[in-house]
Amino acid sequence: MIRAGLAAGMLLAAFLLPIEAAGLEPPADALDRAHQELRESRRTAAVRAAEVAGPSVVTVSVLRTQIVEGPAFPQQQEFFNPFYRNLRRRYWQRVRSIGSGVIADAQGRVLTNVHVVQGAEVIRVTIPDGREFDATLVGTAKLYDVAVLQLQLNGEKVPYARFGDDQDLMIGEWVMAIGNPFGYLLDDPHPTVTAGVVSALHRDILSEREDTDTLYKNMIQTDAAINPGNSGGALVNALGEVVGINTFIFSKSGGSHGIGFAIPVSTAQRVMQEIEAHGGVREVWIGVRIQEIPDVLAESMELESNEGVIVASVDDGSPADRAGIRRGDVIRRIAGDRIRNFDDARRALYGVLVGDELEFQVERNGKLSQHVLAVVERR
């Protein structure tokens, strides 16, 4: 893209310099052609991608009531008695927050993050052309940090995203983060575009918050700047296709340090389908309990190491039972993922939905075997 612009500029310079050196005026039509080529070179793939994806990326404005901390007494009392300045109190206050979202279809369904809309009492969505819509919360999947909203369109039409294939992403390819960072400060419905590359794929991150067990698995890492307010926005490839939902960053300051993460759009779409059909993600059941393998147990079973997990029990009639998995089996792989400990098994099962089929590789009496089970809903 940059090369094309430089080439056009060099072409224009190469054409003009000899003519100007001879004291002649360049022909008007040739000058127009050179300028036209230079103008066209500015319409890079990034410009075209932003034009395609930008109209579907929205601002999600939320009103919620939460506990805040503030001075215990009015400022006048603090002025006359400095002792009051150290006294604080907590009270309920209505707070406005802002995030981003992506319009997923012509019916006005919007994909965003759970943490953008959690606790929302009022949700308003502004699209880039300035129109505002009330929105209702269809459902959330906290484990995946995916929420689905429904715009109250009242017959109006809205632009919606073109989804791409996140399985086709390549490390190093150009992507753009589109969203509404610092929305209150900018006071503008048009989304912001930042560019970068796919830094890594298939990143697994466990949330640092103590009040949640959210596991972000198979995330897309990018150095495209993602700032506060970008959560729920689109990660877009060079074709203008949405390949991820921007979710969080690693940062000590709160600003972007070039380490951002997006939920693969295929995961977000599957979760959205579950939410629309069932109001949330149904709890899955395979009917097996596992535990890590202590050294003494590995030795007594004559295993080469304590790597893997052992089946502690299998429920009668469960998917695991029907698939032929038995108590005492050592699970080596799940869906192709190597299992070294309990955390590996947990990660391998993340993202599994009702109706999926899973392949287990187990070791029994020194021999490996494959078992395929169908995941069902927990009753």
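**View 1. Asp337 and Lys217 in a predicted model.** Asp337 counts as partly exposed, at 34% relative accessibility. This close-up, like the others, comes from a predicted model. Asp337 forms a salt bridge with Lys217. The closest N and O atoms of the two are 3.7 Å apart. The pair links distant parts of the chain, 120 residues apart. Asp337 sits in strand 17 (residues 337–338). Lys217 belongs to strand 9 (residues 215–222). Lys217 has 15% relative accessibility. The cut-off for buried is under 20%, so Lys217 counts as buried.

**View 2. The salt bridge of Glu283 and Arg378.** The side chains of Glu283 and Arg378 meet here, at 3.1 Å from N to O. Glu283 lies in the loop between helix 7 and strand 13 (284–285). Arg378 lies in the segment after strand 20 (376–377). The pair therefore ties together parts that are 95 residues apart in sequence. Glu283 counts as exposed, with 51% relative accessibility. The cut-off for exposed is over 50%. Arg378 counts as partly exposed, at 40%.

**View 3. The salt bridge of Glu132 and Arg124.** Glu132 forms a salt bridge with Arg124. Their closest N and O atoms are 2.9 Å apart. Glu132 is partly exposed, with a relative accessible area of 47%. Arg124 also counts as partly exposed, at 27% relative accessibility.

**View 4. A network of salt bridges.** Four residues are linked in this network: Asp204, Arg340, Asp344 and Arg347. For the model, the count of salt bridges comes to 19.

**View 5. Helix 7 and its length.** Helix 7 covers residues 265–278, which makes 14 residues. The expected span is 1.5 Å times one less than the number of residues. For helix 7 that should give 20 Å. Just after the helix comes Gly279. Gly279 takes a positive phi of about 80°.

**View 6. The buried residues of helix 7 and their partners.** Val265, Thr267, Ala268, Val271, Met272, Glu274 and Ile275 are buried in helix 7. Glu274 is one of these buried residues. The buried residues of the helix pack against several strands. Among them are strand 3 (109–112), strand 5 (132–141) and strand 6 (146–151). Strand 11 (242–249) and strand 12 (260–264) also pack against these buried residues.

Methods. Residues are numbered from 1 along each chain as its sequence is written. This is a predicted model: local features need pLDDT of at least 70, side-chain atom pairs count only at pLDDT 80 or more; totals for chains, interfaces and linings use all residues. Side-chain values use heavy atoms; hydrogens and water are left out. Helices (H or I, at least four residues) and strands (E, at least two) are DSSP runs, numbered from the N terminus. Buried means under 20% relative accessible area, exposed over 50%, partly exposed in between (1.4 Å probe, protein chains only). Contact means heavy atoms within 4.5 Å.
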